[in-house]
Amino acid sequence: MSFIKTKLIYLLKQVFPSSYTELAVFIFFLICYGTLGTYIALHYRIIFDSRIPWDAYFSFDNKAIVMTGGSFERHPLAYYFFNWVREFSLLISGGKMDATFRLTLAWLSNTAISLCMVQVFKYLKNIIRLPLRMSLLIILFFGLFSTSIILSFTPENFTYTLLLLSIYNYYAAVQLRKDEKIPGSALTLAGITIGGLTITNLFKVFIPVLFEKGLFRSWKKFGNAAFRVILTTSCFVFLYLLRIDFKYENIFSKTNQQYEKFSNVESIPDWDMMLSYFFGGSILFPSFMTTDKHNMKGFDFKGLLMEPYSSPVCYAFITVLLALILWSYIKNSKNKLVQIVAISFIVDIVIHCIMRFGLHTSYIYGGHFVFVYPLLLGWLFYAYKTQPKTFSFLMITLVILFVFLLANNLYRMSDFFQFLETYYQ
C-alpha cells in the first residue's frame, strides 16, 4: 500500500505544481486563460452550439468531439474520454447544454492548457536548468502562441493531447536524466491515452525508449524494451478493436477516405501553407476570413479560417524562430533529450508537410507539436549559458519576437471577437 501511495504522490508532483514558482505560473495562466474563456462562454455560443458540429472557427470540431470524441480512425479512444468530459459538464450545468455547460467545457480546457504551461516550465527549470528569468520569458512566449490561446477555451482532442504530450516528455526526460528506463506501466498508460486521443501520436510515446542507457549494448535491456513496446502496442490495439467491435476492415477504408479528403487540397503553394499554417499559424495569427458553412441538416452558419500571411514581417518572424530552433538542434545534436524532442517534431513534419495530410488547415494540429518550440529554445539558451555575448544576443532576439507576437496576437484576437459579435451572440 505504501508503494502505491509513494507512486501516486510522485505522479501528482509530476503533473501538478510542486513549488511556489510553479504554482504562481499555473495561477497566472489559469487567470488569464480563464478570463478569456469565461467571457467567451458566457457571452457567445461558439464554444458549443448543438446545431454546429464542426468548422465554426479554425476547423475545430467542438460539438462533434464533445458528443462522440471524433472519428474512430484518427481518435480511436477519444470517445470514452469525452464521455466523461460531457457528462461532467452536464452534471455541473444541471443537464442543460447552456452557458454553464459551455463555461465548464472552457474551464476544463483552460485548466489543461495551464497545466501544460506548468509542464513546460518544469522542463525548462528542472531538466534544462535555465535561470528563472529565462524560464519565465520562454513560458510567457509559449503562452502567447495562437495554439495556446485558442485551445485554452476549445473542447477538442488537441487540447488534451498537448497536455499529455507535455507531461510525458517531461516525465521521460526525468527518467532518462536519472539513467532509468520508462516503466512498462507508464509506457502503456501513455500509449493508451496519447495514442487513444490521436493515433499518429502513438509512435511518439516510443521515442524516449530508443535513448535508454545501454539499450543497444545489452540483449537483456533490448529485450526488455521490446517487451514494453509490444505490451503497450497490444493493449492499445485490443482497446482500439474493442471500440469498433473488432471490425478492423473499417479502419483501412475510413483512413483512406480521410487521407484523400485532407491531402489533396490545392489552395495555395505548399511552401506558403507550410510557413503560414503549419509552422506559422500555430504560433503567430495571420489575418482571418469568413466562410459560409452548413450542418448538412438545413442550418447555415459562418465559419472562420486563417489566411496565408500577407505581411513580410510575419514571414520574417517565423523564419527567425525556425532558424533559432534549427540552431538549437545543431548545437545540441549530441544531447539525447534534444533528439527526442526533434524526432517528435519530425513526425508531424512528415505527416503534414511531406504527406500533406491536412496541410491546408495544419494550424489546428499545433497541439501535437508546439511544445517543441519552447523546449528547443530553452536548450539553445542552455548551450550558450557561459557565453555572455551570444546569450545576450539570443535574449534580445527573443524579447523582440515576444513583443511582436504579443502585439500581433492581441490584434488578431480583436478580429476574432468582432467575428463573435457579428455571428455568435
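Me: What makes Asp292 and Lys302 a salt bridge?
Reply: In this predicted model, the closest N and O atoms of Asp292 and Lys302 are 2.4 Å apart. A salt bridge needs a side-chain nitrogen of Lys or Arg within 4 Å of a carboxyl oxygen of Asp or Glu. The pair therefore counts as a salt bridge.

Me: Which parts does that pair tie together?
Reply: Asp292 lies in strand β1 (residues 288-294) and Lys302 in strand β2 (residues 300-306), so the pair ties together parts that are 10 residues apart in sequence.

Me: Why is Asp292 called exposed?
Reply: Its relative accessible area is 61%. Exposed means over 50%. So Asp292 is exposed.

Me: Why is Lys302 called partly exposed?
Reply: Lys302 has 25% relative accessibility. Buried means under 20%, and exposed means over 50%. The value for Lys302 falls in between, so Lys302 counts as partly exposed.

Me: How many salt bridges does the rule give?
Reply: The count comes to 13 salt bridges. Glu22, Lys122 and Lys125 are linked in a network of them.

Me: How do you know that Asp179 and Lys213 form a salt bridge?
Reply: Their side chains meet at 3.8 Å, N to O. The limit is 4 Å, so the pair passes. Asp179 sits in the loop between α8 and α9 (184-197), and Lys213 in the loop between α10 (202-206) and α11 (219-243). They are 34 residues apart.

Me: Are Asp179, Lys213 and Lys336 exposed or partly exposed?
Reply: Asp179 is at 43%, so it counts as partly exposed. Lys213 is at 53%, over the 50% mark, so Lys213 is exposed. Lys336 is at 26%, so Lys336 is partly exposed.

Me: Why is Ser166 called buried?
Reply: Ser166 has 5% relative accessibility. Buried means under 20%, so Ser166 counts as buried. Ser166 is found in helix α8 (residues 157-177).

Me: What does Ser166 touch?
Reply: Leaving out residues up to four places away in sequence, Ser166 touches Cys116, Gln119, Val120 and Phe371. The side chain of Ser166 also reaches the backbone oxygen of Leu162 at 2.7 Å.

Me: What makes α16 mostly covered?
Reply: Of its 12 residues, 11 are buried. Among them are Tyr373, Pro374, Gly378 and Trp379.

Me: What span does helix α14 have, and what span is expected?
Reply: Helix α14 (residues 312-331) reaches 28 Å from its first C-alpha to its last. The expected span, at 1.5 Å a residue, is 28 Å.

Me: What covers the buried residues of α14?
Reply: The cover includes α6 (132-143), α13 (270-279), α16 (372-383) and α17 (388-423). The buried residues of α14 include Cys314, Phe317 and Leu321. At the start of α14, a side-chain oxygen of Ser311 reaches to within 3.1 Å of the backbone nitrogen of Val313.

Me: Which residues form a nonpolar patch on the surface?
Reply: Leu8, Leu11, Leu12 and Phe16 form the patch, with about 360 Å² of accessible area together. Leu8 is in helix α1 (residues 2-15).

How values were computed
Residues numbered from 1 in each chain as written. Predicted model: local features only at pLDDT ≥ 70, side-chain atom pairs only at ≥ 80, totals over all residues. Heavy atoms only, no water. Patch = residues over 30% accessible without salt bridge, like charges linked within 9 Å, V, L, I, M, F, W, Y side chains within 5 Å. Areas by Shrake-Rupley, 256 points an atom, 1.4 Å probe, with all protein chains shown as cover. Helix = DSSP H or I, 4+ residues; strand = E, 2+ residues; numbered from the N terminus. Expected span 1.5 Å × (residues − 1). Buried < 20%, exposed > 50% of the residue type's maximum accessible area, 1.4 Å probe, protein only. Contact = heavy atoms within 4.5 Å. Polar contact = N/O pair within 3.5 Å; in protein donor to acceptor, adjacent residues only side chain to side chain.
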